Amino acid sequence: MAVRAPRAEQACRAALERATTSDANPWHDLLYNRLRDCAVPAVIDNDAITPAASIWTGSRLWLQAFRAAELQEGDRIVIAMPPSAAFLQVLVAAIWQQLTVALAPPEGAEALIETLDARALVHPSSDSPHNWMPDGCAGPLRPPHALRTAQRDRTPNARFLLRTSGTTTDGTWYALSDANVLSVLATHLPYFCLKHARVVSVLPWHHAFGLVLDLMPALLSGAEIIRDPEGGRDAESILALRDAWGATHLSAVPLTMQRLLAHDEGPGFVSQLQGGIVGGAPISAPLADTLDGSSLRVGYGQTEASPGIALGDAGVWAANYLGQPLGCSVRIADDGELLFQGQNACFGTWTTEGLVRLDPDRWVATGDRAKRKRDGLYFRGRKDDSFKLANGRMVPASRFEATLKEAFDAAHDAFLFSPDGTSIAVALCWDEATSPPSTSKIGAHLGPLHARLAHTLVLSPNDWPTTPKGASNRDLLREKLHKRLTSHAASFSQ
């Protein structure tokens, strides 16, 4: 008689216990019970269905290849493949062998072999002598000519190397341990309701959000994983997958949700979803209003938090809402910055000097300002979005932007800057169908800065530059608005 595998969250808690009390690989039971001789989870991509048993079989081929090459626990490899069943086979084998797995998109991955001092690369088409080329779901097509000789020690306690999105910098490589990731899975899985789920997966699997809070929960819960080839960039593609395969769950960044909800069929689709997370960028009041009452949840985290810090209740939405702390302790510093502490805090960082281990009991600064309101957390802007006026006064721009978004329900976003180092300008992202607030009403929410408010500008959502996640692209906004003010001044002088 077959032994029924424990529920996913129970299995993750047991694996977490092994990760913190023994040297045994905590993933073995998890992966064995979920994949071997099973039909689900199944990965659907490019109209092909790959059941769990086939994922398992392919992972054994990769495991044989890794062992034949004498890769050891803690050897670093880079997996740079498109999201697919083949990607999953390589990932399962690497975790099983306890390699340190660096995940990256295929573009530009060859340089990461040196950056991360990796021994090998897995890439669909690279000419690197250190590359393993996959043969679809049939294992390796050919091995590397030779493994690269690493210059630094193996990193057996670092299971994943994941890079931040780098929307404001080049990004940082964070090292996540088994316990880091398993702690987030154990605390978050009970809220996901993934039994018999059909998950439309649009998030990149080489980022923490897509890997830990989208792919892994679906994998460990035996869900059907329907991969969107457009990565959430096209609402038509998501709706076509729904029509072809059905869908019960969708996790996405706000920009993807906005695109979907702008489609005629989008609101109906979203209302029928049984679960999913929206996170990665602040939530605007119009988006929160549209999602209110749905089965979707707001989620908040960062790569260095593996990436879980807070999660909202299903259907509870508000502008700038981050959710309630989950799986960690949080506190707000005197300057308003949100800090967290717990098993989700990353094991270390990878730098030019190699792996730098961090104190597991430290309080981690998120760089985000937040406020508490009842049991929830609300975003109050990034610390590094502040700017200084000519008189030396520091202006916490994003804090005022958060205030404006909360004050005006129709505001999709807000942006505050100084065009000349002395005066203040405010831009609002506003639908053309309604009238924006007056300058005096905007100034009333700026405190003493209202006296410096010289310009108010309005851009439609289609004209408002954003990052791929849906947050304001501050550099492009500043350039666009400076041009508008300069053009207006020139027209006025004529």
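**Exercise 1.** State which residues of helix H8 (residues 235-245) are buried, and what they pack against.

*Solution.* Step 1. The model is predicted: local features need pLDDT of at least 70, side-chain atom pairs count only at pLDDT 80 or more, and totals for chains, interfaces and linings use all residues. Residues are numbered from 1 along each chain as its sequence is written, and side-chain values use heavy atoms, without hydrogens and water.

Step 2. Buried means under 20% relative accessible area (1.4 Å probe, protein chains only). In H8 the buried residues are Ala 235, Ser 237, Ile 238, Leu 239, Leu 241 and Arg 242.

Step 3. These buried residues pack against strands E10 (198-201) and E11 (224-227) and against helices H9 (254-262) and H10 (266-272).

**Exercise 2.** Describe what is found at the N-terminal end of H8 and just after H8.

*Solution.* Step 1. Asp 234 caps the N-terminal end, with a side-chain oxygen 3.0 Å from the backbone nitrogen of Glu 236.

Step 2. Just after H8, Gly 246 has a positive phi of about 85°.

**Exercise 3.** Give the strand order of the open sheet of 3 strands, and explain why one side of E25 and of E27 is left without a neighbour in the sheet.

*Solution.* Step 1. The order is E25-E26-E27, with mixed pairing (two strands pair if DSSP finds at least two bridges between them).

Step 2. Strands E25 (411-417) and E27 (453-459) stand at the edges and each has a single partner strand, so one side of each lacks a neighbour in the sheet.

Step 3. E25 and E26 (residues 424-430) run antiparallel and are joined by 6 bridges; Ala 414 stands opposite Leu 428 in E26.

How values were computed:
Helices (H or I, at least four residues) and strands (E, at least two) are DSSP runs, numbered from the N terminus. Buried means under 20% relative accessible area, exposed over 50%, partly exposed in between (1.4 Å probe, protein chains only). Contact means heavy atoms within 4.5 Å. A polar contact is a pair of N or O atoms within 3.5 Å; within protein, one must be able to donate a hydrogen and the other to accept it, and residues adjacent in sequence count only if both atoms are side-chain atoms.
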